[in-house]
Amino acid sequence: MVSSTVNVVRYTALFSGIAYGWYHRRSLQASHDKHKLSEAAHHREKLIAEAKEAWKRKQSALSDTTLVTDPEDPRFDLEKLIAKWEKSS
């Protein structure tokens with residue numbers, strides 16, 4: 001039948017393969033986790049930049065002093081006022 005030397009070589013190869021597979025999977029998972037953290041940080045930075053830009057646009061729209069909101073003023077324009085309200089909401 002099969003000699004003991006062949007069985008030792010077989011089981012050594014089997015356990016070596018299992019150990020290598022475990023180590024390789026662990027290193028791949030660590031690399032993937034690091035990449036996901038980096039990607040999440042970049043996504044968060046992008047969202048913060050977009051929020052800051054939207055806030056600046058909203059503040060600049062609110063600080064528009066050329067629009068007259070007093071209906072008694074002769075320069076009052078209802079269409080411009082409604083357009084401003086639609087843009088801000």
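What share of the 89 residues in the protein is buried?

A: Happy to! This is a predicted model, in which local features need pLDDT of at least 70 and side-chain atom pairs count only at pLDDT 80 or more, while totals for chains, interfaces and linings use all residues. Residues are numbered from 1 along each chain as its sequence is written, and side-chain values use heavy atoms, with hydrogens and water left out.

Buried residues make up 3% of the 89; buried means under 20% relative accessible area, exposed over 50%, and partly exposed in between (1.4 Å probe, protein chains only). The protein has two helices and zero strands, where helices (H or I, at least four residues) and strands (E, at least two) are DSSP runs numbered from the N terminus. Its radius of gyration is 34 Å, well over the 12 Å from the globule rule, so the protein is more spread out than a compact globule. That radius is taken over C-alpha atoms, and the rule is 2.2 Å times the number of residues to the power 0.38. Along the principal axes, the C-alpha atoms fill a box of roughly 110 × 20 × 10 Å.

L14 is partly exposed, at 45% relative accessible area. Together with Y11, F15 and I18, L14 makes a nonpolar surface patch of about 450 Å². Such patches take residues with over 30% relative accessible area and no salt bridge, joining nonpolar side chains (Val, Leu, Ile, Met, Phe, Trp, Tyr) within 5 Å and like charges within 9 Å. Accessible areas come from the Shrake-Rupley method with a 1.4 Å probe, and for residues only the protein chains shown count as cover.

Helix α1 also holds Y20, which is exposed at 54% relative accessible area. From Y20 to S3 is 17 residues in sequence and 26 Å in space, C-alpha to C-alpha. A40 belongs to helix α1 as well and counts as partly exposed at 35%. Between A40 and A13, 27 residues apart along the chain, the C-alpha separation is 40 Å.

For context, a search of the whole structure finds one salt bridge, meaning a side-chain nitrogen of Lys or Arg within 4 Å of a carboxyl oxygen of Asp or Glu. R75 forms a salt bridge with D73, with the closest N and O atoms 3.4 Å apart, and R75 is exposed at 63%.
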